[in-house]
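Here is a short briefing to read with the model open beside you. Take it one topic at a time and find each spot as you go.

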Amino acid sequence: MSSFTQPTKPGLDAAVPIDVLHVPYTYFPDAAGGTEIYVAGLAAALRHEGMESAVAAPAERDFAYDHDGIRVYRLAGESLPQLEHAYGRPDHRVAESFRDLIARLKPKIVHLHAHTAGVSEQLVDISHEAGAKVVFTYHSPTVSCARGTMIRLGRSPCDGRLERRRCTACVLQRHGVGPLVRDMIAHMPPAIGCQLGRAGLAGNIFTVLRMPSLIGALHHRFTELMRKADLIVAVCVWVQEALRLNGAPDEKLVLCRQGLSRPSHLPVPVEPDRRRSQGPRPLHLGFFGRVDPTKGLDILIDALRLIPHAPARLDIYGIRQPGSEAYFRRLQQIAAHDSRIAFRPALPPDAVGESMRRCDLVGVPSRWLETGPLVVLEAFDAGTPVLGARRGGIAELVSEGRDGILVSPEDPAAWAGTIAALAEAPQRVASLRGGIRPPRSMDDVAQEMSRLYRQLLGHAEG
């Protein structure tokens, strides 16, 4: 039995009625991303719909606390995770902590927001045994894509279909394995990798040889998760189509887009700095987000370096997370001799809108297939148009020529040409600003999700 300690409020650990238990990969105050922001916003907004939520997420040990009025339970994971855990093998220690927690909280709905070793299909079985219904939301490509980006061989968008040989070759290519070797290994029987795993052989070469079996196991676990979940939520159209390709039945697959966790307050249009001054001012670009290769910040920097005399500047409000250090240093070196590029401190959430409002455009040059992204909604909420990659969820949210401009992804020359043209056309930027409409809010999401929850429970009770 696990024991939850260190509650920050009296009675925090007491068994109280819970309608929805949300289970993301991690949670605040740990380093978190868009999924955790979504969970926090949804949990808060569901209260207006008469539904009480709590959050459970894997951690190093079992403990409980309160964050922004939401009860949070952390579930102890394996202290020495194995290679198979990286490919979705359930973390049984997390599962046991979850079993104890759900027996005490007795939620009606368990809403999974990830698919990892800690947030595995085993939690679906435990939830069903306890009488709860299970909802699964697909938030990012890492949920099903072993490469993590849904970009085939690092070059073009993938349709998301889970095919062992194709996915194995893609993962091996990312790790630098040449075409002949990766294709040969991709066609190896998975049984060989299973035998190597049982033998306990470790090292890079054995990991490579085990890849077909690891990828096959990952695909099987994801398919099982979809089969077992009572409701599957896609947050954008490309995710919905990818899930259909992998067998998600239409009767339990729904589209429910993301929303902002604060009420939309589209500001009164303001004149950009360049038009308030006595003379021309540079086009002001802003980047807001994680400093990670998938977010494509280097593309923006390279684009500016291709147009050294263009009247433009870039402020980078980057969130640095563990593992991004080398990439960040490389970006600093690349931008070191361009005074138009400035690295700014990361902003607290409540300061992002004001900084976006001061920009002419918010740059979103992502490489991977975004499922939102929230930064686009935040830009629109601030009344600032978006300069984004013509890919994934960005292209679904930005209306070309009305509230933003879409650019060919991973093409610095195309970005440079677009930036140079916009720098000479302030009237076009002003027109884009005027075309922005209020973005979807988390209250909208909560209304839809509460209706779906109740339908699910009503069906169960009927």
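In this predicted model, the charged end of Arg-320 sits over the ring of Phe-328, 3.9 Å from the ring centre. Arg-61 likewise lies over the face of Phe-63, and here the distance to the ring centre is 4.3 Å.

**Aromatic pairs**

- Searching the whole structure turns up seven aromatic pairs.
- One of them joins Tyr-27 and Phe-28: the ring centres are 5.2 Å apart and the planes stand at 70°, so this pair is edge-to-face. The angle settles the matter because planes over 60 degrees apart count as edge-to-face.
- Is Tyr-27 buried or exposed? Tyr-27 counts as buried, with a relative accessibility of 1%.
- Tyr-138 and Phe-222 make another edge-to-face pair, with 6.4 Å from centre to centre and 80° between the planes.
- Which parts of the chain does the pair of Tyr-138 and Phe-222 tie together? Tyr-138 belongs to strand 6 (residues 133-138) and Phe-222 to helix 7 (residues 204-228), so the pair links parts that are 84 residues apart in sequence.
- Both Tyr-138 and Phe-222 are buried.
- Tyr-138 and Phe-222 also belong to one aromatic cluster, together with Phe-136 and Trp-238.

**Helix 3 against helix 7**

- Helix 7, which carries Phe-222, also meets helix 3 (residues 121-129): the two axes come within 9 Å and cross at roughly 25°.
- Angles under 35 degrees count as roughly parallel, and helix 3 and helix 7 are therefore roughly parallel to each other.
- The crossing of helix 3 past helix 7 is left-handed.
- On the helix 3 side, the contact is made by Glu-121, Val-124, Asp-125 and His-128. Helix 7 contributes Arg-221, Leu-225 and Lys-228.

- How many of the ten residues of helix 10 (residues 297-306) are buried? Seven are, so helix 10 is largely enclosed by the rest of the structure.
- The buried residues of helix 10 are Leu-297, Asp-298, Ile-299, Leu-300, Ile-301, Ala-303 and Leu-304.
- Their cover includes strand 11 (283-290), strand 12 (312-319), strand 13 (341-344) and strand 14 (361-364).
- Helix 11 (325-335) and helix 15 (412-423) are also among the elements covering the buried residues of helix 10.

Conventions
Residues numbered from 1 in each chain as written. Predicted model: local features only at pLDDT ≥ 70, side-chain atom pairs only at ≥ 80, totals over all residues. Heavy atoms only, no water. Phe/Tyr/Trp six-rings, centres within 6.5 Å; stacked < 30°, edge-to-face > 60°. Buried < 20%, exposed > 50% of the residue type's maximum accessible area, 1.4 Å probe, protein only. Helix = DSSP H or I, 4+ residues; strand = E, 2+ residues; numbered from the N terminus. Lys NZ or Arg CZ within 6 Å of the ring centre and 35° of its normal. Axes fitted to C-alpha atoms, helices over the stretch in contact; angles between N-to-C directions. Parallel < 35°, antiparallel > 145°, perpendicular 65-115°, else oblique. Left-handed = near helix turned anticlockwise from the far one by under 90°. Contact = heavy atoms within 4.5 Å.
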